[in-house]
Amino acid sequence: MKITIEIDDREITEAVKATVIRNAVQSVEEKLFKDDYGNYDRRMYRDAIKEAVRETVKKNAGDIVDRGTAYAGEYIGKKGLKKMIDDGTI
């Protein structure tokens, strides 16, 4: 019995790329987190991520404060109004 399947070359290429990338990522994860130095490497990686997040937050602090202030004002207003209604103040 002979079965022939036609598969597009692009599909094969994408599948190979995905497999190679997945294997590379898995290898890096194993090297970082599963060897004798895993805890040290994990801490370095975590610290690098924290620093990147801090820098991003600092760069966008004004926008974050503006959005947070608007949300907080709206939230407090709703909660305050509900409390005043519940207390019978209004």
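1. Let's start in helix 2 (residues 38-59), where Glu51 and Arg54 sit 3 residues apart, which puts about one helical turn between them. Their side chains meet in a salt bridge, with 3.6 Å from N to O. A salt bridge here means a side-chain nitrogen of Lys or Arg within 4 Å of a carboxyl oxygen of Asp or Glu. Both partners are partly exposed: Glu51 has a relative accessible area of 36%, and Arg54 has 46%. (Buried means under 20% relative accessible area, exposed over 50%, and partly exposed in between, with a 1.4 Å probe and protein chains only.)

2. A word on what you are looking at: this is a predicted model, in which local features need pLDDT of at least 70 and side-chain atom pairs count only at pLDDT 80 or more, while totals for chains, interfaces and linings use all residues. Residues are numbered from 1 along each chain as its sequence is written, and side-chain values use heavy atoms, leaving out hydrogens and water.

3. How many salt bridges does a search of the whole structure find? It finds 2. Glu14 and Lys17 are 3 residues apart in helix 1, so about one helical turn separates them. Glu14 is partly exposed at 48% relative accessible area, and Lys17 is partly exposed at 45%.

4. Now the overall layout. The protein chain has 3 helices and 0 strands, giving the pattern α-α-α along the sequence. (Helices, H or I with at least four residues, and strands, E with at least two, are DSSP runs numbered from the N terminus.) Of the 90 residues in the chain, 2% are buried.

5. The chain's accessible surface is about 8600 Å², and 58% of it belongs to carbon and sulfur atoms. (Such areas come from the Shrake-Rupley method with a 1.4 Å probe; for residues, only the protein chains shown count as cover.)

6. Two patches deserve a visit. Patches consist of residues with over 30% relative accessible area and no salt bridge, joining like charges within 9 Å and nonpolar side chains (Val, Leu, Ile, Met, Phe, Trp, Tyr) within 5 Å. Met1, Ile3, Ile5, Ile7, Ile12, Val16 and Val20 make a nonpolar one of about 820 Å². Ile5 lies in the segment before helix 1 (9-33) and is exposed, at 67%.

7. Arg42, Arg43, Arg46 and Lys50 form a positive patch. Lys and Arg count as positive and Asp and Glu as negative, while His and the chain ends are not counted; each charge is placed at NZ of Lys, CZ of Arg, CG of Asp or CD of Glu. Lys50 is in helix 2 and is partly exposed, at 41% relative accessibility.
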